[in-house]
Structures are given as structure tokens and as C-alpha cells.
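Hi,

Here is the structure I promised to pass on to you. Could you have a look at it alongside my notes below?

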Amino acid sequence: MSDVPLILSKVVFPGAEEPDTMPLYLDVDEWTELAIESDRSEGKTPPPTPLRISHRNAAPMVTGRRSLTVPRGERVSLATYYNAFPASYWRRWSVLDGVVLEVDTDGVGDIVVYRSNARGIVQTVATRHVDGPSSARFDLSFDNFLDGGWYWFDLVARSGELHLTRAAWTAPEGSTARTAGSLSISVTTLNRTAYCLALLRSLSTDEDLLDGVHEITVVDQGTQLLRDEPGFDEVQQVLGTRLRVIEQKNVGGSGGFSRGMLEAIDQDGPEHVMLLDDDVVVDPEGIRRAHVFATLCRKPTIVGGHMFDMYDKTKLHAFAEGIDRWNFLWGPITPGRHNLTSMNLRQTRWMHRRFDVDYNGWWMSVIPVSLIRQIGLSLPVFIKWDDAEYSLRAKAHGVSTVTLPGASVWHVSWVDKDDSRDWQAFYHARNRLVVALLHSPFPGGGRLTTSNMASDMRHLLTLDYFTVHLRLAAYESVLAGPGRLHGELETRLPRIKESGKEFRETRLIRAIEEFEAFPSTDSSSGALSYGARPEGRNGWAKWLLPVLRWHWFSKVPDSAQHHPDAHVPHGSPWWTFAMRNSLIISNAEGSGVTWHVRDRAKFRSMLVSSIRHNRRMRREWASLSEQYRSALGDITGPEQWRRTLGVATPAERADGRDR
């Protein structure tokens, strides 16, 4: 047995090139809380509002990747997303019963160790005075972390500067795990060569991470090849035989990640495979932590990381995500878009509770190779819902998913996207239905078909006919049965893009000054009145009936084809512009508008088709569900995926029959 302790989590800091991420690593601010009186009218007490009363620039304190200097008389805290230790997650899922904190310092000062509970209440655990070069060790148990809680430490400089030279959270003596060479990393990329190369370069800088990596597989499905990107040869030289680039046809994210899974199960070395998006920025230490955590889980476990906004780096997209089984819709089960600059860990009490998730996005997810061999590869759905379905399938086999704090990526967030209205609308609708047929516990899929009809109607009333066209195609695909899923990986997207040419609203108009000639689109006469949202079933019925009659019977004036009635900003309440003949609507990223014109014939035929398809879906739910559940093993099995991807088995490769 090695005498070197197993490092669970190193205390690390960002480089000078990443100043915006500092609040995720180091908290140098002083905070207070204002107590808010109870709102007696509602009988509720709002949470205290945190106010920063002192803000200091932490960057000059950081002297290296693992070191910092605390100025004389000052105090800094490591109660942050990246450097606090999420003890409750280790208590719940790992084989460990405690953790050891090791802190090496030079100078005069204090190390103060804290813990929190699930309610965010903080208690002091230990204080150690240090003088000169010192190595402090704290043995910390997991006895009080059943429902939540973290450990962290603060540094207080006394008569001079206090230098932190190294700190780490390590496993107690006697704890072992096989980490060396046991992780394969699989990246799927499509024409994002600069992003992907930057990701590989980042991975190549961390020797401790690479020590645990068996192979990094890049599945390149693009026409702009990674190997042609300037700088690729240098990265290849650094990573050496650890890096392997596989070029294959574009079969979507599910096809790319399935190829990575295939490569992992065909080898003897790796025990886990990490699925990683190509267009992410990572801290390699977060990837290493996720891997170590996965190796120390009591049972095989899927271990995922969080997603931060690449362009607003301390904004956490969601801390935990789940699936509403009744409506069969994914979403955060914690406050979304949380800003850790405005409210860091000590101030965010809900973040101290442990949250158990239904799934983790495949922007970063560690999957046991044994699980892949047991339950198969990804569902062949191109994009959307493949990650959620895999965790639901794993859960049915007794394997949980954990989203581990301190392991994350920075990714372009959804705030500048609305992929429910573009070509991806087909995949949103179809894949949601397929996954519900596989995993919904409710007869008829619960409220899903009703939700689908409501979504179709909303898009029809806002003149979004292309979206409804794709959603209707999704229903037809699902009703045709599971046998079409693999075949549509290559054929469906070209058909979607070709059909979009028939719809006016698919064309993005960037030069909106051409609409300025029409008074109806200026701020005075074209502004939309944000009326009150209809409330309750009766309120919606009273609002909806006259709107439907108008769309069904009212003739579209010729002028609608030549100029819009109004310019609708993105995110406007949809019911406020549901009775317009012609609209220009801003897209999510604010780069242009799409022009929507009312079409009475499309409205009538699509509304009838939506009702007919959804009624049939609900009526045939039981038999459809049986079809999909019976076929699941085949359509996610390695044999079918090999045929789809044209990949030979290891035996065939050895015999020289690789295709």
C-alpha cells in the first residue's frame, strides 16, 4: 500500500488570464445580512438579503496555481464552490467516513476550519495557530452530514504576511482506489475545432489528471477537421498516444458519445468513461475530482459536473436537475442562474443542502464502463434527452446519478438560445415522447399529450408554423415505432432543413431598418401592451375561445404580406401578440428578427393534425410503450450501434476486417 495519501480535492486558484472566475475559488469579501420582517399577509419569512460591505481584489493575493499570500492583518476564506469540500456528497455516496485536510503555510497566522449543515448554519471545527513554515493536518469526520453540509477553512494573517503554499483534501489513511490510467475521456466535436483544441490543450497541462487518463478520444463528425486546426500537432505531441482522433459521419451527439462508449468497452484498461462537450472550458482539477469520486463510490455511479456560463463565468446554470414525471419535462430543482459573485457559498443557504438528481447533462459526465456493458449505449436520438434517458435507464438498474460540486465546465448557456423554435424543435418533441414511452410511470404518459397540444396551440397562435410542422413530424416519427430511430440519425436533419425553405419565418433578417418605413412597427404605434396573464382554467378558456375563432375564421389582409403589425422583443409574453396578422420577432441572441405572417389554411390543418395525433398517442400509449421498451435493448446495444457507425468488433479488427 502506498504511503502517499489519495488526494480527493486540491485547493487551486485560477490563472491571471481568468480574473472573472476568482469568486469561485477565493472569497476575500466581508459580508453581512439584513434581517427581513415576516410578511404576515402571506405567513412567510423571506430569506435574509446578503449585502457585500467590503470588496477587495483577490487577484494580487494569488501567487501560483496552488499558492496565495494573505496580507498582514487580513483574512480570506476558501468557502467557495471550487475549494470548499462538499462533505455531504462524500458521506452519502462514497466508501469514506471522513476526510483529512492538509494545509502547508509559511508565516504567522491562523487556520480556521468550519463546517455547515444542510440549513447553511456554520460552526467552527478547529483553529490552528501557525508560525513559520508549518504543515497542519485536520482529521475530519462525516458524522454530521447526512442531509447536507460542507467543510472549508479560512486563513488569517497576523504580524506579517501568511503564505499558503499547498492545501488538499485527502482520503484517510488506508483508503485506496484505482485511479491511474482508469479513465477514458470522450469528446464529440462538429466543426468547433478551435474550441476543441483549446480543451485538449487545457487537459494536457495537468499531470495529475493525465496520470489517471487511459485515453482521450475525440470523435470528429465535422467537415472542418480537428487535425487541420493550427496547433493540433503540438497538442498531439504533448498528449502522445493518449490522444486518438476518430473521424466519422455526423450522427449527432448521441452517435458521437456512443462511439466513445464503444471504444471504452472494447478496451481492457478504463473503468470509467467521461463524456465531455467540445465547446467547453474546463478546470482540469474538476475533471480529476469527478474521476476520483467515481472510483470511491460504494456502488457504480454516474458522476456529473455543473455548468457555468462561459460568458458570465460565476453564473451557475443549475445546481441540480430533475424530471417532472407527470408532465415529463426536465428542469432545475434548485434556483437557476445563481450568481456566486453576488452570493457566495457562505451566503447561499440552499446550496448547503445535498440535492439528489435525476440526471446530469453530458457536457460532463463520468459513466462506469461496467454500466455501459450492462445497459447499453446512448439512445439513438441525435440530440436532446439522450443524457436524461441514460440516467433514467441506469436508475432502473439500481445505478444513481450524482452531480458533484467542485466539478464543472464553462459552457455557452441557454440565455441566448431558443432551440425549441428552430430545427431542433423536432428533436425536442420526438425525443421527449420517446423517453416518456420508455420511462413514464403514468398511464397515457400523464399530462404529456395535453402539454404537447398546448405547446402546438401556442406556436400556432404566435404564427410559428415551422415549429408546429416539425412537432407534427415528430409525432409521426414516434407513432411509426422504434425501428426508425437509427435510420433517422443521418436522414432526418437534411429533411428538416429542406422543409424549412417552405416557411417564411425560418429566414433570419439582420437588417431590420427595412421595416422602419412602416409606422406600425415603431415604438409609438407598434408597441405591445403586456396585458394580464389569464388565470385559471376558466380564465384561459374565456381568453382562448375568441382567439381561436379569430384565427380560424378571420381573413388575412393582403397588407400582412408586405409589412408587419408589430416588432416583438424576444421573451415577450406570448398571449399579448396572439391576435396579429403579421409580426417580426427578435431572436434570443438579439442578432436579427424573423417575419411571421398569419396563414389561415396552415392554422386549420395543423390544429386538426395536432389534436388527431395527440389523441391517437394517448389512445395507443400502452402498446407504443411496450414496443419501445421491448426494443430498447436492441436499439441501444453495441451490435446495432456498430452497424450504424460501421465499426468492427475488436476480434474483427484483429483479423484485419476493420471497415
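What follows is a short tour of the cavities, the salt bridges and the aromatic contacts.

Please keep in mind that this is a predicted model.

**Cavities**

The structure holds two cavities of 30 Å³ or more.

Which residues line the largest cavity? They are Leu8, Ser9, Tyr82, Ala84, Phe85, Pro86, Trp90, Arg289, Leu404, Pro405 and Gly406. Two elements, strand E1 (7-10) and strand E21 (401-411), each give two or more residues to this lining. E21 gives the most, with three residues. Sorted by class, the lining of the largest cavity has eight nonpolar, two polar and one charged residues.

The second largest cavity is lined by Gly305, His306, Ala318, Phe319, Ala320, Glu321, Tyr359, Asn360, Trp363 and Thr403. Here the division is five nonpolar, four polar and one charged.

**Salt bridges**

A search of the whole structure finds 35 salt bridges. Let me pick out a few of them.

In helix H5 (residues 252-265), Glu263 and Arg259 lie four residues apart, about one turn of the helix. They form a salt bridge whose closest N and O atoms are 2.9 Å apart. Are these two residues buried or exposed? Glu263 has a relative accessibility of 2%, so it counts as buried. Arg259 has a relative accessible area of 11% and is therefore buried as well.

Arg616 has a relative accessible area of 33%, so it is partly exposed. Glu620 is partly exposed too, because its relative accessible area is 25%.

The search of the whole structure finds 32 aromatic pairs. One of them joins Trp326 and Phe442 in an edge-to-face arrangement, 5.0 Å centre to centre with 85° between the planes. Trp326 is in the loop between strand E17 (321-324) and strand E18 (329-332), while Phe442 is in the loop between helix H9 (425-439) and helix H10 (448-461), so the pair ties together parts that are 116 residues apart in sequence. With 43% relative accessibility, Trp326 counts as partly exposed, and Phe442 is partly exposed with a relative accessible area of 30%.

Phe426 and Tyr427 form another edge-to-face pair, 5.1 Å centre to centre and 90° between the planes. Phe426 is buried, and so is Tyr427.

The charged end of Arg92 is placed over the ring of Trp93, 3.9 Å from its centre. The charged end of Arg128 sits over the ring of Phe138, 4.4 Å from the ring centre.

**One more residue**

Finally, a word on Arg580. Where is Arg580 found? It is in the loop between strand E22 (566-568) and strand E23 (582-586). Its relative accessibility is 22%, so Arg580 counts as partly exposed. From C-alpha to C-alpha, Arg580 and Glu17 are 49 Å apart in space, and they are 563 residues apart in sequence.

That is my list. Happy browsing!

Best wishes

Key
Residues are numbered from 1 along each chain as its sequence is written. This is a predicted model: local features need pLDDT of at least 70, side-chain atom pairs count only at pLDDT 80 or more; totals for chains, interfaces and linings use all residues. Side-chain values use heavy atoms; hydrogens and water are left out. On a 1 Å grid over the protein atoms alone, a cavity is a set of points where a 1.4 Å probe fits but cannot get out, and a pocket is an open set with protein on both sides within 12 Å along at least five of seven lines; lining residues have an atom within 4 Å of a point. Grid points are joined across faces, edges and corners, and a volume is the space filled by probe spheres set on the points. Ala, Val, Leu, Ile, Met, Phe, Trp, Tyr, Cys and Pro count as nonpolar, Asp, Glu, Lys and Arg as charged, and the others, Gly among them, as polar. Buried means under 20% relative accessible area, exposed over 50%, partly exposed in between (1.4 Å probe, protein chains only). A salt bridge is a side-chain nitrogen of Lys or Arg within 4 Å of a carboxyl oxygen of Asp or Glu. Rings of Phe, Tyr and Trp (its six-membered ring) pair if their centres lie within 6.5 Å; planes under 30 degrees apart count as stacked, over 60 as edge-to-face and the rest as tilted. A charge sits over a ring if NZ of Lys or CZ of Arg is within 6 Å of the ring centre and within 35 degrees of the ring normal.
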